[in-house]
Amino acid sequence: MAKREQVRPLAPAAKRQSSDEEGTCQHHKKRGRKCFKCCVFVAAIFVALVTAIIVLRFTVFRVKDPVIKMNGVTVTRLELNNGTTPKPGVNISLIADVSVKNPNVASFRYSSTTTTLYYDGQMVGEARNGPGQARARRTMRMNVSVDIIPDRLMSNPNLNADMSSGMLSMTTYTRVPGRMEIVIVKRNIVVEMRCSMTLSITSQQIQTQKCKRKVYF
């Protein structure tokens, strides 16, 4: 007599459904973990890039103040009567040796510069120079020729007394507006310098000089 073939009973439907749900849930969990790891990786890269940009912004790409300096002033034309009083109608000129030091990794491009000369609080001369540039980490020097307006100088009531003392106190104001571009950093810069000086009438040279500098962004 042939043995009856044993038939394995089918699993209940509820059990099969539970098994399917568990598989789907595990699949979603795996995808969720992958998405989380991906988000963490992207966030880490973003933070690293931002940190690198900030570090470069305040180190390599940081805009440093250009340094302006008055190296000296020379009188080129000064004719005197009796060695004390300027001759009427004679022009007086000064040459100011001005340097601009650029400590940055990019060129400092400036527009027209101005140098103004004051005596006893009154403007008696002015000079203008054309645009130029101070190369990266270089110092550019320029000779600024200032022509003094004789009428304004001669009309000052304190001139004769100062000339008789042999010393003439004057003030210069130099302004250099420019622009600095370092990769993504662009900035307008204005460099100013005020110098008070004492001019010897006999030697026609500057005896004392004191300068103050300011930089505006």
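Colleague: What is the relative accessible area of Glu126, and is Glu126 buried or partly exposed?

Modeller: Buried means under 20% relative accessible area, exposed means over 50%, and partly exposed lies in between (1.4 Å probe, protein chains only). Glu126 has 38%, so Glu126 is partly exposed. This is a predicted model: local features need pLDDT of at least 70, side-chain atom pairs count only at pLDDT 80 or more, and totals for chains, interfaces and linings use all residues. Residues are numbered from 1 along each chain as its sequence is written, and side-chain values use heavy atoms, with hydrogens and water left out.

Colleague: How many salt bridges does a search of the whole structure find?

Modeller: Side chains of opposite charge can pair when their charged atoms come close. The cut-off for a salt bridge is a side-chain nitrogen of Lys or Arg within 4 Å of a carboxyl oxygen of Asp or Glu. The search finds three. In one of them, Glu126 meets Arg128 at 3.7 Å, N to O. Arg128 is exposed, at 59%.

Colleague: Which residue forms a salt bridge with Asp97?

Modeller: Arg141 does, with the closest N and O atoms 2.3 Å apart. Strands are DSSP runs (E, at least two residues), numbered from the N terminus. Arg141 sits in strand 9 (residues 138–148) and Asp97 in strand 4 (residues 92–102), 44 residues apart. Arg141 is exposed at 55%, whereas Asp97 is buried at 17%.

Colleague: Where in the chain are Glu192 and Arg175?

Modeller: Glu192 is in strand 11 (residues 185–200), and Arg175 is in strand 10 (residues 167–182). Their salt bridge has its closest N and O atoms 4.0 Å apart. Glu192 is buried at 16%; Arg175 is partly exposed at 33%.

Technical notes. Helix = DSSP H or I, 4+ residues; strand = E, 2+ residues; numbered from the N terminus.
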